Amino acid sequence: MEGADYEVLSVREQLFHERVRECIISTLLFATLYILCHIALTRFKKPAEFTTVDEEDATVNKIALELCTFTLAVALGAVLLLPFSIISNEVLLSLPRNYYIQWLNGSLIHGLWNLVFLFSNLSLIFLMPFAYFFTESEGFAGSRKGVLARVYETVVMLMLLTLLVLGMVWVASAIVDNNKASRESLYDFWEYYLPYLYSCISFLGVLLLLVCTPLGLARMFSVTGKLLVKPRLLEDLEEQLHCSAFEEAALTRRICNPTSCWLPLDMELLHRQVLALQTQRVLLEKRRKASAWQRNLGYPLAMLCLLVLTGLSVLIVAIHILELLIDEAAMPRGMQGASLGQVSFSKLGSFGAVIQVVLIFYLMVSSVVGFYSSPLFRGLRPRWHDTAMTQIIGNCVCLLVLSSALPVFSRTLGLTRFDLLGDFGRFNWLGNFYIVFLYNAAFAGLTTLCLVKTFTAAVRAELIRAFGLDRLPLPVSGFPRVSKKTQHQ
């Protein structure tokens, strides 16, 4: 009896140490992400909002900034979640009995998925609405001014918003699934309400990725072209430097002699334009000093890599569409137990897993580029040291919606065979064949359309610019041609 009790105690002690180790690892990972996100947000925040004379507003903005940092760390964790799981599975397959990676197991990965799901719910439903109402609140009329009065008003507004959202979710669920069991399950706040609400938010995020990712894939070529130095055939830096110098000289002369123009001048706007031209000229000087290898090899290789990654993404989605028509196992599904280290989730082994990770990161970057390039969200784009607090909150919410939908997005498109863990696999719409099939077809069609349109237009514009046809005295579109009858008159 004593030996059995000793074995039970040893097993419990081992489980306890494993849980403590997982908590420490999760805390260290999240602390690292939190520090990185805090450094990033401090680079974009507006310093005037944190050094204001009113200490109350400064304190409120600091609290809101910490909440935004937490939310952004959760978003970054959601982006790294699926790639980390895929790489962990391949590491366990390659080194199954290595002593130094015993901490990497299915229990840790499953716990990370649950934590990301929990913190995503917490940030989207409570923390970000609280941060927004907190920055906009002033306290109830007749109450004493201070941070505590703002907290009271924010809590009341958040409770009213929670009741409104929960009522809307209850009505939506009753309309979609009108039976007694579903209505009774809605009374379970933790087990049904939050997952159902997050399922709706995730579905919106997946739809947003469907729109932004094809646009971003097309925009990646132009964005990369602006960051890299193009070959001399496609870019005339000398001409751009001369134009920039002439414009700067004209603006400087206008600033020095404001009386020479009979129109009123905005001197502040002119000074900003001069600074922008000086910055542009410095960048052009750096690009002109680039080496021949960087100029003639870097740009073509970057364009080739983008083209290969984009074509590979479309090819994988097209193959997945055919698999959906043939095999039911291609449908995305959830997995309750994380059985890692048993089989590779790619037919190409470790090489295929690396390709999957690269494609997931590439599509996430493309979706962010497409999000900020779209006309609807272009005004939300953060600016260096000039981003208001409410704009930071909006950016954190949008990035969290996009990143938390990334695992579902990647599995729905068939970019990976890694099944969704935890509550990510409980979304009802993942089992609908028509939704998954139409989503894959729409992604492939939109991506191909955007690429064909953007690539042909970019090639046409570069060829016209390279051969100097843009400087020819061609008739300007928009002005009617002079008819022969008018010329004779």
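**Entry 1**

I looked up Ser-26 and found it in helix α1; helices here are DSSP runs of H or I with at least four residues, strands are runs of E with at least two, and both are numbered from the N terminus. The model is predicted, so I kept to its limits: local features need pLDDT of at least 70, side-chain atom pairs count only at pLDDT 80 or more, and totals for chains, interfaces and linings use all residues. Residues are numbered from 1 along each chain as its sequence is written, and side-chain values use heavy atoms, with hydrogens and water left out.

Ser-26 is buried, at a relative accessible area of 14% (buried means under 20%, exposed over 50%, partly exposed in between, with a 1.4 Å probe and protein chains only). I listed its contacts (heavy atoms within 4.5 Å), leaving aside neighbours within four places in sequence: Leu-108, Leu-112 and Leu-115.

I then took Glu-22, which also lies in helix α1, residues 2–44. With the same exclusion of neighbours within four places, Glu-22 is in contact with Asn-105, Ser-107 and Leu-108.

**Entry 2: the salt bridge**

How many salt bridges does the rule give? I got 1, where the rule asks for a side-chain nitrogen of Lys or Arg within 4 Å of a carboxyl oxygen of Asp or Glu. Glu-22 forms a salt bridge with Arg-19, and the closest N and O atoms are 3.9 Å apart. The two residues are 3 apart in helix α1, which means a separation of about one helical turn. I checked burial for both: Glu-22 is buried at 11% relative accessible area, whereas Arg-19 is partly exposed at 43%.

**Entry 3: the whole protein**

I counted 14 helices and 2 strands. Of the 489 residues, 41% are buried. Among contacts with a separation of 6 or more, 80% join residues 24 or more positions apart. The accessible surface comes to about 28,400 Å², and carbon and sulfur atoms hold 67% of that surface; the areas come from the Shrake-Rupley method with a 1.4 Å probe, and for residues only the protein chains shown count as cover.

**Entry 4: the core**

I looked up the largest nonpolar core and found 81 residues in it, with Cys-68, Met-389, Phe-409 and Phe-443 having the most contacts inside. Such a core is a set of buried Ala, Val, Leu, Ile, Met, Phe, Trp, Tyr and Cys residues joined through side-chain atoms within 4.5 Å. Helix α2 (residues 55–94) gives the largest share of this core, 16 residues.

Leaving out neighbours within four places, I found Phe-409 in contact with Val-206, Leu-209, Thr-213, Leu-363, Tyr-439 and Phe-443. Thr-213 belongs to helix α6, residues 189–227, and is buried at 0% relative accessibility. Outside four places in sequence, Thr-213 touches Leu-363, Ser-366, Ser-367, Phe-409 and Phe-443.

**Entry 5: α2 against α10**

I took α2 with helix α10 (residues 350–373): the angle is about 170° and the axes are 10 Å apart. Axes are lines fitted to C-alpha atoms, for helices over the stretch in contact, and angles run from 0 to 180 degrees between N-to-C directions. The pair is therefore roughly antiparallel (over 145 degrees; under 35 is roughly parallel, 65 to 115 roughly perpendicular, the rest oblique). On the α2 side the residues that meet α10 include Val-79, Leu-82, Ile-86 and Glu-90. Their counterparts in α10 include Ala-353, Val-357, Ile-360 and Met-364.
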